[in-house]
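Me: I'm new to this one. Can you walk me through it, starting with the charged pairs?

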Amino acid sequence: MFKPILSTFALLTSTAIAQADSAPMSFDVAEDHTRIFMAAQPVHDNGMPAHGNAFLSQGYIYPAGTLNDGAKGVNLDGTPAFPGLVLGTWTCDGYFVGDGGNATSGVWVISRQVFEFNDGDTVITQGPEIADIGKKNLRPITGATGDYAEIEGGLIQTTLGFNDFMAINATFAFETAPSDQAAYTIDEDDVLEWDSGAPVGPIEDRPDTNS
């Protein structure tokens, strides 16, 4: 009875694995300083955005490791430093919270991040971001399409630092890949069937045990 259900589940899971194999499971993002927009108010005395300040930012998605060793990722005019490596566009919007732009640790923004890949795949995450450099921050995945439609777990963001233009470089990796179908496959020969002897079927067809 369980074989059709298990077979269907295994098929769906194996499809998810095949899809994920064709998409990068980790990647870098270089924020483009020419596409960072923040509200005029509220701001701190030093001009940095304060709690409640709304912002919108965009950048370039690169293969994982592209931004190692402090690589900028973006030229002075906002063009990608590695045009042949661009995987897509990253868009981030939200609000500064807490100490906002003056924060060096802990949550400093609540944001939505949209990863749009050149092949049409998308991933959306939403939640808190931390100001800590080099510290992992798990963000919930709230939507995904294409090769990422069946992805499980969240997306881990690690901020690498700020480039010369005061824009963020970060690296991202999925928390977990789609589950291994082998863990959910049951061999029918290994299943012990047990007959309880209890009558099965409509009540009117059962033998009269009271006579």
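Reply: D93 and R112 form a salt bridge, with their closest N and O atoms 2.8 Å apart. The pair links distant parts of the chain, 19 residues apart. D93 sits in strand β3 and R112 in strand β4. Keep in mind that this is a predicted model.

Me: Are D93 and R112 buried, exposed or partly exposed?

Reply: D93 counts as partly exposed, at 23% relative accessibility. R112 is partly exposed too, with a relative accessible area of 38%.

Me: How many salt bridges does a search of the whole structure find?

Reply: Three. One of them joins D164 and K72, at 3.3 Å from N to O. D164 lies in the loop between β8 and β9, and K72 in the loop between β2 and β3, so the pair ties together parts that are 92 residues apart in sequence. D164 is exposed, with a relative accessible area of 60%. K72 is partly exposed, at 36%.

Me: Which residue forms a salt bridge with R35?

Reply: D32. The closest N and O atoms of R35 and D32 are 2.7 Å apart.

Me: And is D32 buried or exposed?

Reply: D32 is buried, because its relative accessible area is 2% and the cut-off for buried is under 20%.

Me: Let's zoom out. What helices and strands are in the chain?

Reply: The chain has one helix and nine strands. Read along the sequence, the pattern is α-β-β-β-β-β-β-β-β-β.

Me: How do β1 and β9 run, and how many bridges join them?

Reply: They run antiparallel, and five bridges join them. F27 stands opposite F172 in β9.

Me: What about β1 and β2?

Reply: Those two pair in the antiparallel sense over eight bridges. I36 has S57 in β2 as its bridge partner.

Me: Now the inside. How many residues does the largest nonpolar core have?

Reply: It has 22 residues. F27, F115 and F172 have the most contacts inside that core. At least two of its residues come from each of β1 (26–38), β2 (54–63), β3 (88–96), β4 (107–117) and β9 (168–174). Another core lies apart from it, with six residues, among them Y60, Y62, A71 and V74.

Me: Why would nonpolar side chains gather like that?

Reply: In soluble globular proteins, they tend to be buried together.

Me: Back to F172. What is F172 in contact with, leaving aside neighbours within four places in sequence?

Reply: Its contacts include F27, V29, W90, F115 and L155. Also among them are M25, S26, Q113, I156 and Q157.

Me: How much of the chain is buried?

Reply: Buried residues make up 35% of the 211 residues.

Me: Last one. Where does K136 lie, and is K136 buried or exposed?

Reply: K136 lies in strand β6 (residues 136–139). K136 is exposed, at 66% relative accessible area. Leaving aside neighbours within four places in sequence, K136 is in contact with I130, I156, Q157 and T158. From C-alpha to C-alpha, K136 and A173 are 9.9 Å apart, though 37 residues separate them in sequence.

How values were computed. Residues numbered from 1 in each chain as written. Predicted model: local features only at pLDDT ≥ 70, side-chain atom pairs only at ≥ 80, totals over all residues. Heavy atoms only, no water. Core = buried A, V, L, I, M, F, W, Y, C linked by side-chain atoms within 4.5 Å. Buried < 20%, exposed > 50% of the residue type's maximum accessible area, 1.4 Å probe, protein only. Helix = DSSP H or I, 4+ residues; strand = E, 2+ residues; numbered from the N terminus. Contact = heavy atoms within 4.5 Å. Pairing = 2+ DSSP bridges. Salt bridge = Lys/Arg side-chain N within 4 Å of Asp/Glu carboxyl O.
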